[in-house]
Amino acid sequence: MSEPQRIVIIGGGLAGASAAGALREQGYSGDVLVLAAEPHRPYELPPLSKAVLLGDTDEPDWVHEEGFYAAHDIDLRAGVAATRVELGSRQVFDAAGEHHRYHRLLLATGSYPRSLPVPGSDLPGLRTLRTLEDSLALRSALSDAERVVVVGAGWIGTEAAAAARRHGAEVTVLDQATAPLRDVLGAEISAMFRELHAEHGVRWRLGVQVSEFTGGPEGVRGVRLSDGAELEADVVLVAVGAAPRVSLAHAAGLELADDGAVRVDAGLRTAAPDVYAAGDVAAHFHPRYGRRVRVEHWANARHQGSHVAGNLLGAHEPYLRVPYFFSDQYDLGCEYRGLADPDADELVIRGELHTREFIAFWMVRGQVTAALNVNVWEHGDALQALVDKGIPVDADRLRHADLAELAGQTG
């Protein structure tokens, strides 16, 4: 496969920017065009629900310094969205009325916040959290709010609840699930997060459904539940997950996976010639798991973007990294590595849950499928190795033995 003369990247988020930077790092000298719908240079999303929302900073973590793109001859078109892809003629059309030929194309269009299809979902002031503008506007609203309702008890919802409590608001978190973060962490660790928030004054309404957002032309003023209860609120945040942004891909005729994301192989390549996808939008066939995996977290976008650069230049190396994410809530920090089924995999706790300083392992047939370290920071490399290598280990040794030795990192 010869080196392409022109690579077009649709999407100015972490995956697209990481790919553009990696292309230059790998010595590619052809044209690189990045079409970025947002008016900013590319930035990372985690600070939006953490440091920015808390008020610790006004800026996100930028993927590259301000002068990076010009210095590396990367044509970054900030504020210019792609509007159409024609696979047959290998062209991308943009909102500025231009069209761009490509030899290789990368879709890194990311995802968007899901909404709830209930009355009042179009009321002014109903908030989501996905962009820098979303975060700054929500922070401003929280600073004046007395009552906040968060719909959704996932990572964004729980981090936003912690930020709202920092700002001094009364906070209620709603979810149709019976426990926060239940699908990812399982019942025991979910209960620990529920107690953490309760200790900081968060009120939980779980196992309930939203039937309506109430208010009027002046804005949203509350949430009505399916049981008839109504919660008044100055601020309502909907944090019920994200959907892959696939309108361009679908219109172009690219194949979508069952979860609605762009279907790609182990090397992040679509079925269309010379078209790839990475980050939130990609349903990637992961060789380790033998199935398609779509991961919305920061590390996946960053590493898939960097990885796909080599494949855009002619390689076809499979993407093998396991998922990774982190969260900060109050005085609790945690990191999760791997991919577990918390309802089926064996849970092993090293330490004590009630101290909120522990490591949780999930295991299948004597191998670690995932690890979560909570306020324990010295074992990151060992945990990554245990997850990556599939080292046979028994539960008792995970609880008590030296983790570096178990991971084969010492002599």
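Are F325 and Y336 buried or exposed? I looked both up: F325 is buried, and so is Y336. Buried means under 20% relative accessible area, exposed over 50%, partly exposed in between (1.4 Å probe, protein chains only).

The model is predicted: I took local features at pLDDT of at least 70 and side-chain atom pairs only at pLDDT 80 or more, while totals for chains, interfaces and linings use all residues. Residues are numbered from 1 along each chain as its sequence is written, and side-chain values use heavy atoms, without hydrogens and water.

Next, the aromatic pairs. I found eight in the structure. Rings of Phe, Tyr and Trp (its six-membered ring) pair if their centres lie within 6.5 Å; planes under 30 degrees apart are stacked, over 60 edge-to-face, the rest tilted. W155 and F325 have ring centres 5.0 Å apart and planes at 55°, so I logged this pair as tilted. W155 sits in helix α5 (residues 155-166) and F325 in strand β21 (residues 324-329), so the pair ties together parts 170 residues apart in sequence. Helices (H or I, at least four residues) and strands (E, at least two) are DSSP runs, numbered from the N terminus.

I then checked F325 against Y336. Their ring centres are 4.9 Å apart and the planes at 15°, so this pair is stacked. Y336 belongs to strand β22 (residues 332-338), 11 residues from F325. W155, F193, F325, Y336 and W362 form one aromatic cluster.

Last, charges over rings (NZ of Lys or CZ of Arg within 6 Å of the ring centre and within 35 degrees of the ring normal). R41 lies over the face of W62, 4.2 Å from the ring centre.
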